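Take a look at the fold below.

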Amino acid sequence: MARLPRLIVPHQPHHVIQTGNNEQPVFHDDDDYLAFLGWLRAAAKTYKVQVHAYVLMPNHLHLLVTPADEDGLGQMMQWVGRYYVPYFNHKYGRSGTLWNGRYKTSLIDADAYFMLCSRYIESNPVRSSLAARHEDYRWSSYCHHAGIRPDGLIIDHPKFWELGNTPFEREAAYVALFELVITSDDITRIGNALLKGWPLGSEQFKAALQNKVKRRVLPAKRGRPFKIKQETA
């Protein structure tokens with residue numbers, strides 16, 4: 001099924017992925033990761049995008065973010081690329097595109113999927129065998145949420161605050177979540193939504209979202225024209 005036009009809704013969390021062209025590495029050493037995170041921190045502040053979770057993998061990256069308006073997320077990603085790509089190309093004597101097209105994103109139903117997506121993102125290094133433990137990987141937000149190392153890039157989402165009344169309670173509850181297995185069905189569901197631009201949430205959430213934004217947010221069913229529910233006075 002065709003990918004839908006990108007959907008950005010202010011004040012809603014979005015899962016973002018950007019991958020290297022032809023799956024080539026986009027980070028080679030510590031300086032690359034640090035440079036990218038520095039520009040991301042500046043851009044997020046400038047364009048009013050809250051970053052709740054992230055992981056930088058050697059050939060791709062994931063973000064969990066909430067933009068304040070419809071344009072901020074795209075402006076943030078464009079701004080970071082405008083600085084990072086020339087830096088990377090100059091450093092490694094290359095030219096041309098670094099990314100495999102534009103970033104992809106999926107709008108998230110926070111009540112149903114926020115914490116799962118946060119775990120999905122921060123567990124990438126362990127699932128990919130880049131680290132034995134989540135806290136061993138430097139380039140993710142896990143250590144911030146686990147209370148190991150604060151990260152100035154992160155603005156905690158209300159769903160994280162609901163985990164406990166004190167920082168210790170929230171951190172302990174978050175760490176405990178990583179003892180739960182992310183099922184293959186969950187991985188497939190998250191991946192499909194992300195790569196195809198679908199919202200990730202309950203059917204009620206999707207229906208309400210579609211009516212709110214007055215556009216199709218899911219692939220049309222064959223033979224059935226899309227209709228917007230009209231609001232009554």
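Start with Gln18. With a relative accessible area of 8%, Gln18 is buried, because buried means under 20%. The model is predicted. Gln18 sits in strand E1, which covers residues 14–19. Beyond its neighbours within four places in sequence, Gln18 is in contact with His60, Leu61, Met77, Trp99, Gly101, Arg102 and Tyr103.

Asn124 is another case. Helix H4, residues 124–127, holds Asn124. Asn124 has a relative accessible area of 7%, so Asn124 is buried too. A polar atom of the Asn124 side chain lies 2.9 Å from the backbone oxygen of Tyr120. Setting aside neighbours within four places in sequence, Asn124 is in contact with Val55, Met57, His60 and His62.

Cys117 counts as buried, at 0% relative accessibility. Cys143 counts as buried as well, at 2%. A search of the whole structure finds 0 disulfides.

| Residue | Relative accessible area |
|---|---|
| Gln18 | 8% |
| Asn124 | 7% |
| Cys117 | 0% |
| Cys143 | 2% |

Helix H3 runs over residues 110–122 and has 13 residues. From its first C-alpha to its last, H3 reaches 17 Å, close to the 18 Å expected at 1.5 Å a residue. How many of the 13 residues of H3 are buried? The count is 11, and H3 is mostly covered. Among the buried ones are Ala110, Tyr113, Phe114, Cys117, Tyr120 and Glu122. Asp109 caps the N-terminal end of H3. A side-chain oxygen of Asp109 lies 3.3 Å from the backbone nitrogen of Asp111.

Next, the cores. In soluble globular proteins, nonpolar side chains tend to be buried together. The largest nonpolar core here has 57 residues. Phe27, Phe36, Leu56, Leu63, Leu73, Met76 and Trp99 have the most contacts inside this core. Elements that give it two or more residues include helix H1 (30–46), strand E2 (49–57), strand E3 (60–67), helix H2 (72–92) and H3. Helix H7 (167–177) and helix H8 (184–196) are also on that list. Another core, of 6 residues, lies apart from the largest one. Leu107, Phe205, Leu209 and Val217 are among its residues.

Which residues does Phe36 touch, not counting residues up to four places away in sequence? They are Phe27, Leu56, Leu61, Val80, Tyr84 and Trp99.

Terms used:
Residues are numbered from 1 along each chain as its sequence is written. This is a predicted model: local features need pLDDT of at least 70, side-chain atom pairs count only at pLDDT 80 or more; totals for chains, interfaces and linings use all residues. Side-chain values use heavy atoms; hydrogens and water are left out. Helices (H or I, at least four residues) and strands (E, at least two) are DSSP runs, numbered from the N terminus. The expected span of a helix is 1.5 Å times one less than its number of residues. Buried means under 20% relative accessible area, exposed over 50%, partly exposed in between (1.4 Å probe, protein chains only). A polar contact is a pair of N or O atoms within 3.5 Å; within protein, one must be able to donate a hydrogen and the other to accept it, and residues adjacent in sequence count only if both atoms are side-chain atoms. Contact means heavy atoms within 4.5 Å. A nonpolar core is a set of buried Ala, Val, Leu, Ile, Met, Phe, Trp, Tyr and Cys residues joined through side-chain atoms within 4.5 Å. A disulfide is a pair of cysteine sulfur atoms within 2.5 Å.
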